[in-house]
Amino acid sequence: MNAPVLEVENLVKRFPVGRGGLAVHAINDVSFRIGAGETLGLVGESGSGKSTIGRTVLRLLDPTAGRIRFLGQDITTLPERRCRELRGAMQMVFQDPWSALNPRMSVAALLEEPLKLHTSLNASQRRDRVQELAHSVRLPAEALRRNPSGMSGGQLQRVCIARAIATAPKLIVLDEPTSSLDLSVRAGILDLLAQIQADTGVALLFITHDLGTVQRISDRIMVLYLGAVTEYASAEALFRAPQHPYSQALISAHLPADPRSRLHRHVLQGEIPSPLRLPAGCAFASRCPVVRDDCRRIRPPLEPVRSGDDLAACLRIADGSNRITVLEENPA
């Protein structure tokens with residue numbers, strides 16, 4: 001791994017509910033690292049804690065426990081005033097570009113805003129930088145005079161990306177940046193991100209539920225279930241041979257590019273436990289096809305599963321009983 005840009009250790013986030021001492025367990029003991037020029041994909045079902053992790057590592061939310069280091073600096077308990085000083089080096093691209101941009105501002109003004117806040121460039125230098133940013137995300141010069149209401153979703157997401165890279169950040173968190181776009185536009189955005197990363201060496205935390213997208217863009221992938229990591233592996237290894245039963249079921253839901261291909265999938269049964277009261281053992285036990293009694297009693301540790309740095313949290317891996325049977329379906 002390259003020199004770490006972001007290091008997260010045993011991250012925990014709770015959201016108190018009411019007065020009875022209950023709390024939503026949104027993030028549960030999550031650890032990972034991202035190096036310069038690398039992309040970590042973050043996948044899981046809705047409510048698994050993906051977006052909460054993204055906001056917490058940027059200190060848009062305060063962590064309940066754990067440690068966050070950015071460029072070697074511990075920012076876990078950094079005061080808000082000091083966090084603002086780091087905003088130019090750590091940026092976020094949100095899911096909905098329509099709500100992320102001020103509709104009353106021109107694109108030029110939107111791109112200039114972070115330059116005013118986080119750089120010492122004068123007015124002339126900012127104008128030149130805005131032109132440069134528009135070119136880098138492949139926006140025509142005339143788009144700078146327009147407002148967000150007159151632009152397509154793909155163009156708006158390019159504006160959001162341009163804003164995010166304006167101050168040459170070391171880390172960008174992208175929260176479902178392509179989910180509202182059609183396939184052709186999505187491909188263009190992914191190509192753009194890859195080019196920006198190649199040019200700048202920025203580290204990316206890419207949050208998505210789209211398995212095809214995360215497979216294409218990620219170096220490593222972290223699979224979340226109920227706020228905890230079930231598997232953490234290279235993109236190639238995860239899609240070739242997922243180890244955790246949840247990862248296997250998740251990968252089986254991925255639609256192949258060839259519509260004539262047979263689908264090999266497993267439909268999970270059972271209920272997801274309440275995030276207010278996590279079970280004593282494995283959180284996936286209530287839906288796991290290969291569950292055994294000890295799975296309900298013992299919380300599985302995240303342990304090495306192949307050579308290298310690949311990890312998974314399943315008691316069934318040791319004896320090889322972790323593989324689930326998938327259903328084969330004829331193509332439509």
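Analyst: Helix H1, residues 50-57, is mostly covered, with six of its eight residues buried. The model is a predicted one. The buried residues of H1 are Lys50, Thr52, Ile53, Gly54, Thr56 and Val57. Just past the end of H1, Arg59 has a positive phi of about 65°.

Lys50 is among the residues touched by Thr208, together with Leu42, Val43, Gly44, Glu176 and Val214, leaving aside residues up to four places away in sequence. Thr208 is located in the loop between E8 and helix H8 (211-217). Its relative accessibility is 2%, so Thr208 counts as buried. The side chain of Thr208 also reaches the backbone nitrogen of Asp210, at 2.9 Å.

The largest nonpolar core has 34 residues, and Leu111, Val137, Ile161 and Ile172 touch the most other members. Two or more residues each come from helix H4 (107-118), helix H5 (123-136), helix H6 (153-165), strand E7 (171-175), helix H7 (183-200) and strand E8 (203-207). H6 gives the largest share, seven residues. In soluble globular proteins, nonpolar side chains tend to be buried together.

Leaving aside residues up to four places away in sequence, Ile172 touches Gln91, Val93, Ala164, Ile165, Val202, Ala203, Leu204 and Leu205. Apart from this core lies another, of 31 residues, including Val5, Val30, Ile68 and Met222.

The aromatic rings come next. The whole structure holds three aromatic pairs. In one of them, the ring centres of Tyr225 and Phe284 are 5.2 Å apart and the planes stand at 85°, so the pair is edge-to-face. This pair links distant parts of the chain, 59 residues apart: Tyr225 is in strand E9 (residues 220-225), while Phe284 is in the loop between strand E11 (263-265) and helix H11 (293-297). Both partners are covered. Tyr225 has a relative accessibility of 4% and therefore counts as buried, and Phe284, at 1%, counts as buried too. Ring pairs also bring in Tyr246, which forms a cluster with Tyr225 and Phe284.

Arg220 lies over the face of Tyr232, 4.7 Å from the ring centre. The charged end of Lys13 sits over the ring of Phe15, at 5.0 Å from its centre.

That leaves the cysteines. The count of disulfides is zero. For Cys282, the closest cysteine sulfur is in Cys295, and the two sulfurs are 6.4 Å apart, too far for a bond. For Cys288, the closest cysteine sulfur belongs to Cys314, at 6.2 Å, which is again too far for a bond. Cys282 has a relative accessible area of 17% and is therefore buried. Cys288, with a relative accessible area of 13%, is buried as well.

How values were computed. Residues are numbered from 1 along each chain as its sequence is written. This is a predicted model: local features need pLDDT of at least 70, side-chain atom pairs count only at pLDDT 80 or more; totals for chains, interfaces and linings use all residues. Side-chain values use heavy atoms; hydrogens and water are left out. A nonpolar core is a set of buried Ala, Val, Leu, Ile, Met, Phe, Trp, Tyr and Cys residues joined through side-chain atoms within 4.5 Å. Buried means under 20% relative accessible area, exposed over 50%, partly exposed in between (1.4 Å probe, protein chains only). Helices (H or I, at least four residues) and strands (E, at least two) are DSSP runs, numbered from the N terminus. Contact means heavy atoms within 4.5 Å. Rings of Phe, Tyr and Trp (its six-membered ring) pair if their centres lie within 6.5 Å; planes under 30 degrees apart count as stacked, over 60 as edge-to-face and the rest as tilted. A charge sits over a ring if NZ of Lys or CZ of Arg is within 6 Å of the ring centre and within 35 degrees of the ring normal. A disulfide is a pair of cysteine sulfur atoms within 2.5 Å. A polar contact is a pair of N or O atoms within 3.5 Å; within protein, one must be able to donate a hydrogen and the other to accept it, and residues adjacent in sequence count only if both atoms are side-chain atoms.
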